[in-house]
Amino acid sequence: MPSRHAQRIAERESSDLLSRHHPHLDAPRRRVLAALLSRTAGAWRLLVDDALPERAARAEAFLAGPGGLFAVLLGEHPPDEDTFETIRRHAEERCAGIRDHRGQVLTGSGLHFVFIGPGRSGRGVERYWTLTERDLPRLFRRDAAHLTRRHVDAIVEQAATRLTGYRELRVRPPERAPEPDGLLSADELTEDEVSGAQLRPFDSWLTFLHPQQRAVVTRHYNGPARISGPAGTGKTVVVLHRLRHLARRSTGPLLFTTFVRTLPAVHEQSFRRLAPEVGDRVEFVNLHAWVREFLQSRGVRLNVQREAITTAFALAWRKHGAPLAAIEPTEDYWRTELHRVIKGRGITTVDDYLRAARKGRALRLGAAQKELVWRLYEAYEERLAARAAHDYNDMISVALEELTTRPLEHGYAAVVVDEVQDITLTGLRLINRLAGEGPNRLLLVGDGQQQVYPGGWSLSDAGIPIQGRGEVLRVNYRNRAGVLTFARRFDATTQVDDLDGQAGVSLLQAESANPGGHSHTWTGTEDELAGELLRQVRELPVPLGQTALIVFPPAQLSRCTRVLREAGVPMLSLDRYAGEAGESLKVGSVHRAKGLDFQAVLVVEFPERERAGPAAEQESDELRGRQNLVAATRARDFLWWATVRDQVPASTVEG
Ligand SMILES: Nc1ncnc2c1ncn2[C@@H]1O[C@H](COP(=O)(O)OP(=O)(O)OP(=O)(O)O)[C@@H](O)[C@H]1O
């Protein structure tokens, strides 16, 4: 183990080695290179430009280690934009395509650029990192470690043959002697991380992607493009890489948005890990939050209150609900018709409604029945207007109008939409308008199989032509085989929609990349659940902070959290989760868990008590199947699925 003394020896050796290889190198660059070189006594490796001290429009060195691959630029001043472009092209072309032991490829967007100079740390031309000598330890941060020694060796061996004119310099590992105070040195901690990463190879996506994923990261699209594919196939991972790829080649802001309120914060954190230098260039915000801010900036004030919306519907239902209840007794079925079909599709006249196709709704409605629905809709709108209130659909349609009349002064270089399957048609139109026309400006990402809200559309309904720009990912990286096999039982879909009315790929057809994993089921009464849930939490095979509890239906969540709170289990609501593992169990509904993943997931299903008519029943069964699929595919290694029934308990183990 390297002691401080051994560390100093490594530094001295590094300095001597540099003097031998580059005797005329100026002192500032020598100091930085020596500091980097001393890390090669640990888990890092360094390739140095043989031509030094000559300056060329290419990186002075390439540094590879648990924290990734860095092209290192040195000097008094950061490179100007043109020089950086040349350096970037050289480095990306040489390094892109390096393979790891699993056949994954290193992407240009997985390569970090860092300028180390005397100035202040921060961003350069927002395309590379700028660090001072003092800040060098930031390159070696433990929480950035995601590559194993095997990955690092693969990188260096291949980079050495591709980077002609560079030579590997390395110092001896320092002698191993225990630290007197028992503390671990920075290098030891890094080694520690390496073994951690070996146990959990999931984060290697920060540097290595599947060849198919990599192709999508860099592909040039002449118009709007779409990525679809079953759960866990790395759609979001590809999007994050693509954002970095596009940010390096553009100026101005980029936008990542989604319908899910909690997802942007989590993905923002991943993006900052992937691309610290352009972290600020990309706005991560959910669609309604973006709209709220946009309307405010235009001086448009809308009064959106959940309570007013609920009351307006209740009053409208009281007046016009009876004839509809005779067709389908479930009030919620008609609420969905209003919000997702009529308002969600931006329908404002009865004639348009009579013509509307109503994709995704089980019940066929004739003209006379649609007239009844329209009366309900009009009454709802009147009640809202009487209170000068608006609903969430109004926010979107007012923003669309505003944007149509007066487009953004400084538009986005690119707009990416994740979990697009749950956005309403009007939301989609708004996003299309926001992105504007042009190559690589709009990317839509989703999976029809994971739709957790009712209703539907196809991209052509929103006037978004995808022809030839649709990508389908097929390799599932998230769920270990034992979990994936379990999740596939919810894949009842005979045909998956690729979001544009064509056949897509289902979870059953996905390839599994990770063996192992376990899933367990449990069935019992509510009385028995408390003890069993606690037992599962106490005997989890992974840390509590890496675990989520998902409860169906969401209204029953408090039944589980009460038991856990009384037992002193620390919990964090998924509403407030922003991607930090922490020490607490994450708890929430499937709507809050979608798009996320956890090492272990516990699911508790309570019986549905609401009575529904046959149409609502059919739709809610389908919807529930999709929600179950989403819940099960949140688990990487371990899944426990509990079904609460008034039955004698039974326990099985699968996977
Ligand atoms: N090339 C890769 N190498 C290693 N791990 C990967 C790779 N691609 C994805 N992963 C892992 O799979 C997980 C799932 O990826 P991601 O969230 O992008 O999938 P998704 O298709 O968006 O999933 P979902 O639709 O279920 O939300 C990531 O967190 C990552 O751990």
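User: What does threonine 132 count as, given its C-beta neighbours inside 10 Å?
Analyst: This is a predicted model: local features need pLDDT of at least 70, side-chain atom pairs count only at pLDDT 80 or more, and totals for chains, interfaces and linings use all residues. Residues are numbered from 1 along each chain as its sequence is written. Burial is counted with C-beta atoms placed from the backbone: 20 or more others within 10 Å is buried, 12 or fewer is exposed, in between is partly exposed. Threonine 132 has 15 such neighbours, so it is partly exposed.

User: Threonine 132 lies in the loop between which two elements?
Analyst: Elements here are DSSP runs numbered from the N terminus (helices H or I, at least four residues; strands E, at least two). The loop with threonine 132 runs between strand 7 (129-131) and helix 4 (149-162).

User: What distance separates the C-alpha atoms of threonine 132 and arginine 562?
Analyst: Along the chain, the two residues are 430 residues apart.

User: What share of the contacts with a separation of 6 or more comes from residues 24 or more positions apart?
Analyst: A contact needs C-beta atoms, placed from the backbone, within 7 Å. Of the chain's contacts with a separation of 6 or more, residues 24 or more positions apart account for 80%.

User: Which residues does valine 416 contact, leaving aside neighbours within four places in sequence?
Analyst: Val416 is one of the residues touching the most other members of the largest nonpolar core, which has 153 residues. Such a core joins buried Ala, Val, Leu, Ile, Met, Phe, Trp, Tyr and Cys residues through C-beta atoms within 7 Å. Beyond its sequence neighbours, valine 416 is in contact with Val239, Leu243, Leu255, Phe256, Leu443 and Val445.

User: Which residues come nearest to the ligand?
Analyst: The shell counts residues whose C-beta atom, placed from the backbone, lies within 6 Å. Helix 7 (residues 235-248) gives the largest share, three residues. Of the 22 residues in the shell, the nearest are Ala231, Gly234, Lys235, Thr236 and Tyr477.

User: Which domains each give at least three residues to the shell around the ligand?
Analyst: Domain bounds come from an automatic or database assignment. The chain is divided into domain 1 (4-203), domain 2 (210-299 + 411-478), domain 3 (306-389) and domain 4 (517-654). At least three shell residues come from each of domain 2 and domain 4.

User: How many residues of domain 4 are in contact with domain 3?
Analyst: The centres of these domains, over C-alpha atoms, are 33 Å apart. Domain 3 brings seven residues into contact; on the domain 4 side the number is six.

User: Which residue does a cis peptide bond join to proline 553?
Analyst: Proline 553 sits in the loop between strand 19 (547-552) and helix 18 (557-566). With omega about -20°, the cis bond joins proline 553 to phenylalanine 552.

User: Is asparagine 440 buried or exposed?
Analyst: Asparagine 440 has a positive phi of about 60°, although it is not a glycine. The residue lies in the loop between helix 15 (425-435) and strand 14 (442-446). With 20 C-beta neighbours inside 10 Å, asparagine 440 is buried.

Notes
Two residues are in contact if their C-beta atoms, placed from the backbone, lie within 7 Å.
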